[in-house]
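Subject: Structure handover

Hello,

Here is the structure for your files. My notes on what was found follow below it.

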Amino acid sequence: MRMVIVNETGGPDVLTVADREPLAAGPGQLLVDVAAAGVNYMDIYQREGRPPYGRDVPFVPGAEGAGTVAAFGPGVAGFAVGDRVAWAGAPGCYAEQAVIPAASAVTIPDGVDTTVAAAVMLQGITAHYLCHSTHPVAPGDTVVVHAAAGGVGLLLTQMVKMRGGIVIATTSTPVKADLARQAGADHLTGYDEFGAVVARVTGGNGADVVYDGVGQATFDASLAAIRPRGMMVLYGGSSGPVPPFELQRLAGSGSLFITRPTMIHYIASREELVSRTGDLFTWITEGQLSVRIGGTYPLADAARAHDDLAARRTTGKLLLLPR
């Protein structure tokens, strides 16, 4: 059984393909033949050993995917051999097989392709909780979506529009801007001038919320673009981590709110996981949510996938196809 393994932390070249003995499902676990594994920034941070994401080596990267149940361990109910399942938050997915906690898996309904299910889990759940729970977007809210042509950005833009929000989308190229427009963005801008666009669109009042997965490069300008008592939602750091800052800035900028959410706290119960993924799969089957797969790679090209993602050469979701 082939897998990608990290024996030492470092650059993309530390991702190597190796063979190992077949896995077995333990109590409460599913053994899954992996059809597709998601490639995410978190995988890069773990490969680099970046705090607080570092893991003990050796390890198999990847925490998201979809495939077919090959076996299940004692205590598992609700799944059968042959079921198509998807999951997020379970390690070791850059491999032909993975052992997944049954509590982390959901059944893929008819009408949803297995690779699409793999592509929507982590980023779709993230987009869902950002605009439904972290800052529930209300009709007429002005919303900044940074990196709007990325995996989260395209999904988040569509969901904000479903909720009646006005999307100001930042992108870095005309091609990416066109993708954000197709997703429903109302206003398109580059990163250098988005603050001026927010001021123009809101008559100087500022955005109700900024969803920022870029981090260091956009953080200060994002704070400056928010209305009094508005919210800054920092959910990632593709440009690097945000340095420590004085909290008094939030008072002087208009009694702003800031939060750093993470997925684990928004699918803390089985019911919440099923509810969020149920919405995603329903929207996909009904044609309300489009999931863009920006690139697929064999296991042997995992390093290229990491390099493409880190260089921001891609749009939508990147997947490894182990089989």
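Helix α3 is largely enclosed by the rest of the structure, because ten of its twelve residues are buried. Buried here means under 20% relative accessible area, with exposed over 50% and partly exposed in between (1.4 Å probe, protein chains only). The buried residues of α3 are Gly 151, Val 152, Gly 153, Leu 154, Leu 155, Leu 156, Thr 157, Gln 158, Met 159 and Val 160. Helices (H or I, at least four residues) and strands (E, at least two) are DSSP runs, numbered from the N terminus.

On provenance: this is a predicted model, in which local features need pLDDT of at least 70 and side-chain atom pairs count only at pLDDT 80 or more, while totals for chains, interfaces and linings use all residues. Residues are numbered from 1 along each chain as its sequence is written, and side-chain values use heavy atoms, with hydrogens and water left out.

From its first C-alpha to its last, α3 reaches 17 Å, close to the 16 Å expected at 1.5 Å a residue. The expected span is 1.5 Å times one less than the number of residues. Just after α3, Gly 164 has a positive phi of about 90°.

A search of the whole structure finds one cavity of 30 Å³ or more, and the volume of the largest cavity is about 40 Å³. On a 1 Å grid over the protein atoms alone, a cavity is a set of points where a 1.4 Å probe fits but cannot get out; a pocket is an open set with protein on both sides within 12 Å along at least five of seven lines; lining residues have an atom within 4 Å of a point. Grid points are joined across faces, edges and corners, and a volume is the space filled by probe spheres set on the points.

The lining of the largest cavity includes Ala 119, Gln 123, Ser 290, Arg 292 and Lys 317. Both α2 and α3 supply at least two residues each, and α3 gives the most, with three. By class, this lining has four nonpolar, four polar and two charged residues. Ala, Val, Leu, Ile, Met, Phe, Trp, Tyr, Cys and Pro count as nonpolar, Asp, Glu, Lys and Arg as charged, and the others, Gly among them, as polar.

The second largest pocket has a volume of about 250 Å³. Of the 17 residues that line this pocket, Tyr 53, Leu 234, Pro 241, Val 242 and Arg 260 lie nearest its centre. The lining divides into ten nonpolar, five polar and two charged residues.

Tyr 53 also belongs to an aromatic cluster, with Tyr 41 and Tyr 45. Four aromatic pairs are found in the whole structure. One of them is Tyr 129 with Tyr 266, stacked at 4.3 Å centre to centre and 10° between the planes. Tyr 129 lies in α2 and Tyr 266 in the loop between β13 and α8, so the pair ties together parts that are 137 residues apart in sequence. Tyr 129 is buried at 2% relative accessibility, and Tyr 266 is buried at 17%. Rings of Phe, Tyr and Trp (its six-membered ring) pair if their centres lie within 6.5 Å; planes under 30 degrees apart count as stacked, over 60 as edge-to-face and the rest as tilted.

Regards
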